[in-house]
Structures are given as structure tokens and as C-alpha cells.
Amino acid sequence: VQLQAYGGGLVQAGGSLRLSCATSGRTFSSFAMGWFRQAPGRERECVSAISRSGISTYYTGSVEGRFTISRDNAKNTVYLQINSLEPEDTAVYYCAAKRSSYNVNNYYIVAGQYDHWGQGTLVTVSS
């Protein structure tokens, strides 16, 4: 499966962005999805993840209440709504897909668990 992330840009602190990740193929519903980010000089971290079913979601503490992950299995797309952006959110954001054959309600937060990655979209937040 191929992933294409887009929607990043330059925004002022307090602003919002909606990141999208479109996937190829007809098996999107077989994949749990995740959004990761990597800032310069820092390790890649999982900011949010969603199960195949969309029922279970995860947010890292620093984004909880500001980020919302969702998926549209009919459109083969996962979204990350980012509100109340802070300069610390500046990073390249990557979407990732993990084929999940067993529990449709599992999400995954470790980068090594994912099978496929998008190319990343840059989010820059000015203060």
C-alpha cells in the first residue's frame, strides 16, 4: 500500500490544520493507522493512532484535546485535525499503516510496528 500525506503548512500559533493521508489499494480497512512526527534533532514520536474499526484511538499527552484522528474507510483516508497549534508542534508529520489481521480495535504506537510509511508533510508553527 502507498501512502500520501498532505495538508501541512505554515501557520501561526493558535491556528489549525487538517492533515490527510490517502492510501492506495482496496484494503485500507485492513490497516490500523498512525500519525507520527519528527522535529529536528528529536526522535520520531507517535502523536495519534486509530484502530481498523475507528473505535479505538490514541493521543500522546502533549496533543490530547487539540488533535483529533479519524478515518474514512470508504475514501481510504485517515485525517488528523490539529487545533490550537503551538510552536512545539513544528515537525514533519508522517502517516503510517499497519496490517492488522486480528483485533479490529487495536491501535499501535511504536514506529517499528508499522509496515508502510508516507513521505511526510511539514507543519511549521510560528509564534
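Tutor: Start with pairing. Two strands pair if DSSP finds at least two bridges between them. Keep in mind that this is a predicted model.

Student: Which strands form the open sheet, and in what order?

Tutor: There are four, in the order β1-β3-β8-β7. Their pairing is antiparallel.

Student: Why is one side of β1 and of β7 left without a neighbour in the sheet?

Tutor: β1 (3-6) and β7 (67-72) stand at the edges. Each has a single partner strand, so one side stays without a neighbour in the sheet. On average, neighbouring strands here are turned by 15° against each other, direction ignored.

Student: How many bridges join β7 to β8?

Tutor: Six, and the two strands run antiparallel. Strand β8 covers residues 77-82.

Student: Now β11. Which strands pair with β11, and in what sense?

Tutor: Take β2 (residues 9-12): its pairing with β11 is parallel, over four bridges. Val-11 stands opposite Val-125 of β11. Strand β9 (residues 91-99) runs antiparallel to β11, and three bridges join them. There, Val-92 has Leu-122 of β11 as its bridge partner.

Student: Which side chains of β11 are buried?

Tutor: Buried means under 20% relative accessible area. Along β11 (residues 121-126) the side chains alternate. Thr-121, Val-123 and Val-125 point to one face and are buried.

Notes:
Residues numbered from 1 in each chain as written. Predicted model: local features only at pLDDT ≥ 70, side-chain atom pairs only at ≥ 80, totals over all residues. Heavy atoms only, no water. Buried < 20%, exposed > 50% of the residue type's maximum accessible area, 1.4 Å probe, protein only. Axes fitted to C-alpha atoms, helices over the stretch in contact; angles between N-to-C directions.
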